[in-house]
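My entries follow the order in which I looked.

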Amino acid sequence: MLARWFRRLLLLLFAAGFLWFLWLLGWVLFWGQVNPGSTHFMDLRLAELQLKDPQAQLRQQWVPYERISIHLKRAIIAAEDAKFVDHEGFDWDGIQKAIEKNQKKGRYAAGGSTISQQLAKNLLLTPSKTFWRKGNEVVITLMLEHLWSKRRIFEVYLNVIEWGDGVFGAEAAAHHYYDISAAQLGPEQAARLAAMVPNPRFYDRNREKPGLAKKSAILLRRMPAAEVP
């Protein structure tokens, strides 16, 4: 009797896992052709903002890949994922370096996530650091890498990542910080925006932090070597 119930439980778990996989796959296939109007991460941020102000809205406007400054593309690659065009979703050297850095500091200081991994998390998951979330992130990352082109991954990423308090995507960020379009961003502006990505809401409130200027200068030197899709 116990063995029979155990087998049934395993079958139910397998069926639930398979249905979850199909649900994720469906969204990845859909967004490969249709631009996301929102993401799970954006929905979470909006809910947070509306707890304070029920009328709050996010600022985000989709722009095609070709209407985003080449300087911003290079800056983001230099800042977030220098091997983006070459890897298949995971930068193992970057992950190892992040582990070593975290061990040295005795706390979580670096994640080593690629652009593909970050997009996987933003599209369908939460910011939590549980094994369940990381496992799903791996699955979605593999889907993105095998079903989308690198250009599509980067296009969606640039349009949905957080860039300030309620600010999402390159177009909204360019208007929010510089009152120009994403296509008009120059090298220095692009480097500064890329430097904000790891902690955008903090830098939105603290735009004159010396660390931001220092990181921007480093990215500015790296940008010419950045390879974009």
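**Ground rules.** I am working with a predicted model, in which local features need pLDDT of at least 70 and side-chain atom pairs count only at pLDDT 80 or more, while totals for chains, interfaces and linings use all residues. I number residues from 1 along each chain as its sequence is written, and side-chain values use heavy atoms, with hydrogens and water left out. Helices (H or I, at least four residues) and strands (E, at least two) are DSSP runs, numbered from the N terminus.

**Helices α5 and α7.** I looked up helix α5 (residues 115–124) against helix α7 (residues 150–160) and found them packed at an angle of about 55 degrees, with axes 10 Å apart. The axes are lines fitted to C-alpha atoms, for helices over the stretch in contact, and the angles run from 0 to 180 degrees between N-to-C directions. α5 and α7 are therefore oblique to each other (under 35 degrees is roughly parallel, over 145 roughly antiparallel, 65 to 115 roughly perpendicular, and the rest oblique). In contact terms (heavy atoms within 4.5 Å), Ile115, Ser116, Gln118, Leu119 and Leu123 of α5 meet Ile153, Phe154, Val156, Tyr157 and Val160 of α7. Sorted by class, this contact holds eight nonpolar, two polar and no charged residues, where Ala, Val, Leu, Ile, Met, Phe, Trp, Tyr, Cys and Pro count as nonpolar, Asp, Glu, Lys and Arg as charged, and the others, Gly among them, as polar.

I then checked how covered α7 is, and 10 of its 11 residues are buried (under 20% relative accessible area, with exposed over 50% and partly exposed in between, for a 1.4 Å probe and protein chains only). Among the buried residues of α7 I noted the charged Lys150, Arg152 and Glu155.

**Helices α9 and α11.** Helix α9 (residues 187–196) packs against helix α11 (residues 210–222) at an angle of about 120 degrees, and their axes are 8 Å apart. That makes α9 oblique to α11. I listed Pro187, Glu188, Ala191, Arg192, Ala194, Ala195 and Met196 on the α9 side, meeting Leu212, Ala213, Lys215, Ser216, Leu219 and Leu220 in α11. By class, the contact of α9 with α11 has nine nonpolar, one polar and three charged residues.

**Aromatic rings.** My search of the whole structure gave 10 aromatic pairs. Trp20 sits in helix α1 (residues 2–33) and Trp132 in helix α6 (residues 131–147), 112 residues apart. Trp20 is partly exposed at 31% relative accessibility, whereas Trp132 is exposed at 61%.

**Glu162.** Leaving out residues up to four places away in sequence, Glu162 touches Phe41, Arg45, Val167, Phe168, Pro200 and Arg201.

**Asp179.** I found Asp179 in the loop between α8 (170–178) and α9, with a positive phi of about 60 degrees although Asp179 is not a glycine. Asp179 counts as exposed, at 65% relative accessibility.

Definitions and conventions:
Rings of Phe, Tyr and Trp (its six-membered ring) pair if their centres lie within 6.5 Å; planes under 30 degrees apart count as stacked, over 60 as edge-to-face and the rest as tilted.
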